[in-house]
Amino acid sequence: MVCDICGIKEASIHFKQVINNQTTSIHLCEECAEEKGFGLSSISQPFPNLLEFFSNIFKEEKGAIAEEMRCTGCGMGLSEFQKGGRLGCSDCFEAFKQPLLSLLKQIHGNTVHIGRHPFGFEKIAQKEKKLKILKDELKKAISTENYEEAARLRDMIKALEQ
Amino acid sequence: MLENYIKTSPEWLNAKGEEADIAISSRIRLARNIKDIPFAHWAPMNDLEKVTKMIEEAISRIPSLKNADIIRQNDLIPLQKQFLVERHLVSPEHTNSKLGSVIVSEREIISIMINEEDHLRMQVLSSGLNLVDSWQIIAKVEEELSAILPFAFSFDFGYLTACPTNVGTGMRASIMLHLPALSLSNKIEKIIPFLSKVGMVSRGFYGEKSETFGDLFQVSNQITLGKKEEELIEALIKVIRQIIDYEKEERELLRTRGGIQIEDRFKRAYGLLVNAKLIPSREAMELLSIIRLGIHLGFLPSIPTERLNRLLVFTQPAHLQLAIGGASNPALRDRERAELIQRELEIR
Ligand SMILES: [Zn+2]
Ligand SMILES: [Zn+2]
């Protein structure tokens, strides 16, 4: 998937935005995200000005009035989180992932948990790890046009996902 | 139910743990949320009811919480709510929860707040520098609950909490320190800024927003993400031991070089506490801090540390009022406070 701004580079940062009850996705490459002020290096500012950023994008591309970033799980908007300092539900971590990453880095100097896990989580964790490896291999197989191997990997992933 | 609490003293005030003269108490708190339900501060009433039911049901199946009390905020009058805060069983925020309750185990060692900003806030409170044992107790309770309740957890961020400052381990370990000598010499002002550099923070006797009084400092880990629980506890213990050593050095200096000025200070404080007819809350905390040090250094008649600990909590406004059976005015409270202190200090 290419970046929505430059249209050249591969997008690695993804946002969801709800406008008039329709979900729109935005995909950015690292450089463009960085330039707009919410790449990983923008640590000094806990919440980069996402609202302004979105309104710019939508003015330029759709001429629509931008609504703020909102969690589809609980309906909390980014500005509500910024004001109250507390998230609304587990899904907020996905919805506000980019601004959160810089905030967590600022608070904890870290963004990845390494402590305790819930009961029975090791099994699930192993499965997820295996899935990730298989998916990476699948990508490789497709890019090298090894379709036989790709089909085999796809079956394995399907079996594991059930 | 609270009538029983006013008559008994919680385990964490018994001054039995390691370094209990300086390290008054240890606390470890774990924040957890139930999967797929909005965090308590953001959840609709029916979700809060569901959460309460799920957690209370789970707790009834945990052996170590078998005889625990369930106290519901909605059943309490403001004075009783304040009592629970003074007792360190709930946070001030929890008293405003739309549907908050707290589970309290025997001798108030384990308590679990339901529907604070997170669905569960479980804590273990104990006397002295006792974080290692405390961790084992709370980790076991958490593990047992984890087998019954689906906790919100992600691969990247660990245990998901309403506030980003708690995410990851959801763990806050803290020690309540009494540091009168470091306060007297103003050296405490050099120590506190240093704490934030090593990922720790100092607060007052009543938590986050409370100011420091009575030379009491609550030191805790600030970081909760990216380090293991045991690592965070170990680092905190190291820092605490260092602070305790500084405090001891400073006390020794006072004992050997304080002269008649310091002796005068102790005896004046003692004289006030033993003779005054009205003692306001803040003054009580300050004077109790001074005599605690004076007793420790041998300038004043000896009084068991447990009794001094109890006074810190039982001279608080809601404790005094519930002890005499209901709300009273400040002047009457100051009198009750003076009498309580004198009862506890007279018996030698
Ligand atoms: Zn781009
Ligand atoms: Zn949400």
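I began with confidence by element: in chain A of this predicted model, helix α2 (residues 50-61) has the lowest mean pLDDT (48), and helix α4 (residues 92-95) the highest (94).

Chain A averages a pLDDT of 75, and 70% of the residues score at least 70.

Conventions: residues are numbered from 1 along each chain as its sequence is written, and chains are lettered from A. Local features need pLDDT of at least 70, side-chain atom pairs count only at pLDDT 80 or more, totals for chains, interfaces and linings use all residues, and side-chain values use heavy atoms, without hydrogens and water.

Next I looked up helix α6 of chain B (residues 188-197), where B:I188, B:I191 and B:L195 are buried. Buried means under 20% relative accessible area, exposed over 50%, partly exposed in between (1.4 Å probe, protein chains only). Seen down the axis of α6(B), the buried residues fall within an arc of 55° (directions from the axis to the C-beta atoms), so they line one face of the helix. The face turned away carries exposed B:E189, B:K190, B:S196 and B:K197. I found that the buried residues pack against α5, β9, β10 and α7 of chain B.

Key: Helices (H or I, at least four residues) and strands (E, at least two) are DSSP runs, numbered from the N terminus. Contact means heavy atoms within 4.5 Å. pLDDT is the predictor's confidence in each residue, from 0 to 100.
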